[in-house]
Amino acid sequence: MDMSWRVPALFNNDRAALRLTRLLRPYLCRNLFDAVYGAPMTAWSGGRSSLVSERLEEEPLRRYFEAYRDEGIRCSLTLTRMNPNKEDFSDPYCNLLLDMLDEYDGEAIVFNDGLAAYIRQSHPGIPLVASNIKPATDFVKGWPGCSDEYEYYMRLLEDYDRIVIRNEAALNGDMRERLRDIADRCEIIVNPRCVPDCPRCLEHYQNIEKAIEDINHKAGCYYSNDDQRVYSMALDHGQIREFATEGFTHYKIEGRNVPSGIFVKYCMNFILEKERKAEIQNALDNRDVIELVMLLTKNEDRETRVQIPQ
């Protein structure tokens with residue numbers, strides 16, 4: 001069953017993502033994942049701080065996009081600042097990134113509706129994805145102008161090409177049944193690191209944005225991993241298969257900024273089922289086995305992970 005996967009590697013774990021793609025393609029007869037997401041630091045950044053903090057020139061930026069295009073992988077720019085200033089819509093660096101995205105057939109993951117409207121007007125060829133931050137934070141405030149979550153998603157799809165739905169909705173059989181008619185426009189995170197119906201979600205993301213502007217501001221999750229509800233919404237392969245038979249075939253792995261070894265482990269464990277992973281590992285020749293082990297055990301520092309792909 002064909003499923004589409006987006007992984008957190010762009011402007012972060014690029015070299016690990018590209019090496020893993022090339023290593024496994026001969027055994028999978030396809031790419032392990034379809035798209036990478038992330039972004040350098042910009043006036044439109046949000047959701048997580050970006051590891052690439054300096055403003056890159058056009059040529060280094062192009063090398064990122066070209067490296068993925070050469071492998072048949074799409075780039076998704078994460079532009080999820082919650083309340084960007086309208087003056088920032090004309091930011092030259094941000095608009096250069098949009099030009100790149102347009103040229104290389106990428107897509108934009110957006111939170112702010114005003115920014116989404118600007119991108120739609122200035123670069124109509126760029127598909128827009130409504131970030132998971134939207135439904136997660138709107139849950140706390142109440143669906144704006146809508147009576148329930150399904151109606152809210154239908155409203156979002158008037159302005160966005162695809163939406164990342166809450167895992168609470170994905171795990172609710174009744175809600176999934178209602179969403180089946182738009183399943184091909186929904187995306188589901190397989191490893192969310194939060195508690196169900198988090199009451200402090202909005203505050204959390206607001207603090208992340210404050211930390212982007214002030215490195216001394218702490219923006220950790222309000223719930224520790226000691227809370228048994230953390231990761232309680234993560235999906236297993238049985239659930240992913242079940243949801244896929246219902247038409248939900250777009251999946252996303254969370255984890256921007258994780259060390260490269262953890263990134264590779266996420267890709268191997270969430271995308272490949274246990275039996276398929278064992279088959280591939282048994283088929284690998286000695287050199288490929290060594291390379292895979294090295295990728296899985298690397299704990300690269302920040303500077304190593306953000307080098308421009310070769």
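**Ground rules**

I am reading a predicted model, in which local features need pLDDT of at least 70, side-chain atom pairs count only at pLDDT 80 or more, and totals for chains, interfaces and linings use all residues. Residues are numbered from 1 along each chain as its sequence is written, and side-chain values use heavy atoms, with hydrogens and water left out.

**Entry 1**

I began with the strands and helices, which are DSSP runs numbered from the N terminus (helices are H or I with at least four residues, strands E with at least two). Eight strands form a closed barrel in the order β1-β2-β3-β4-β5-β6-β7-β8, with parallel pairing. From one strand to the next, the twist averages 30°. For pairing, DSSP has to find at least two bridges between two strands. I also reminded myself that strands of a sheet pair through backbone hydrogen bonds, either parallel or antiparallel.

I followed the neighbours one by one.

- Strand β1 (residues 4-10) pairs with β2 in the parallel sense over three bridges, and Val7 stands opposite Val36 in β2.
- Strand β2 (residues 35-38) runs parallel to strand β3 (residues 74-79), and four bridges join them; here Gly38 has Leu77 of β3 as its bridge partner.
- β3 and β4 also pair in the parallel sense, over four bridges, with Ile109 in β4 as the bridge partner of Thr78.

Next I checked which way the residues point. In a regular strand the side chains alternate between the two faces of the sheet. From β2, Ala35 and Tyr37 point one way and Val36 and Gly38 the other, and all are buried. Buried means under 20% relative accessible area, exposed means over 50%, and partly exposed lies in between (1.4 Å probe, protein chains only). From β4, Glu107 and Ile109 point one way and Ala108 and Val110 the other way, and all are buried.

**Entry 1: Ala9**

I picked out Ala9 in strand β1. Is Ala9 buried or exposed? Its relative accessible area is 0%, so Ala9 is buried. Contact means heavy atoms within 4.5 Å. Leaving aside neighbours within four places in sequence, Ala9 is in contact with Asp14, Ala17, Val36, Tyr37, Tyr68 and Phe263.

**Entry 2: helices**

Angles run from 0 to 180 degrees between N-to-C directions, and axes are lines fitted to C-alpha atoms, for helices over the stretch in contact. Helix α3 (residues 92-103) packs on the sheet and touches β3 and β4 (107-110), and its direction makes about 155° with that of β3.

Then I turned to a helix pair. Helix α1 (residues 14-28) packs against helix α12 (residues 274-283) at an angle of about 100°, with the axes 10 Å apart. That makes α1 roughly perpendicular to α12; the scale is under 35 degrees for roughly parallel, over 145 for roughly antiparallel, 65 to 115 for roughly perpendicular, and oblique for the rest. Leu24, Tyr27 and Leu28 of α1 make the contact with Arg276, Ile280 and Ala283 of α12.

**Entry 3: aromatic rings**

Rings of Phe, Tyr and Trp (its six-membered ring) pair if their centres lie within 6.5 Å; planes under 30 degrees apart count as stacked, over 60 as edge-to-face and the rest as tilted. How many aromatic pairs are there by this rule? The count comes to ten. Phe65 and Tyr104 form a stacked pair, 5.7 Å centre to centre with 20° between the planes. This pair links distant parts of the chain, since Phe65 is in helix α2 (residues 58-70) and Tyr104 in the loop between α3 and β4, 39 residues apart. Both Phe65 and Tyr104 are buried. One aromatic cluster is formed by Phe11, Tyr64, Phe65 and Tyr104.

**Entry 4: two positive phi values**

Most residues other than glycine have a negative phi, and most peptide bonds are trans. Cys29 is not a glycine, yet has a positive phi of about 60°. Cys29 is in the loop between α1 and β2 and counts as exposed at 72% relative accessibility. Asp105, also not a glycine, has a positive phi of about 55°. Asp105 is in the loop between α3 and β4 and, at 60% relative accessibility, counts as exposed.
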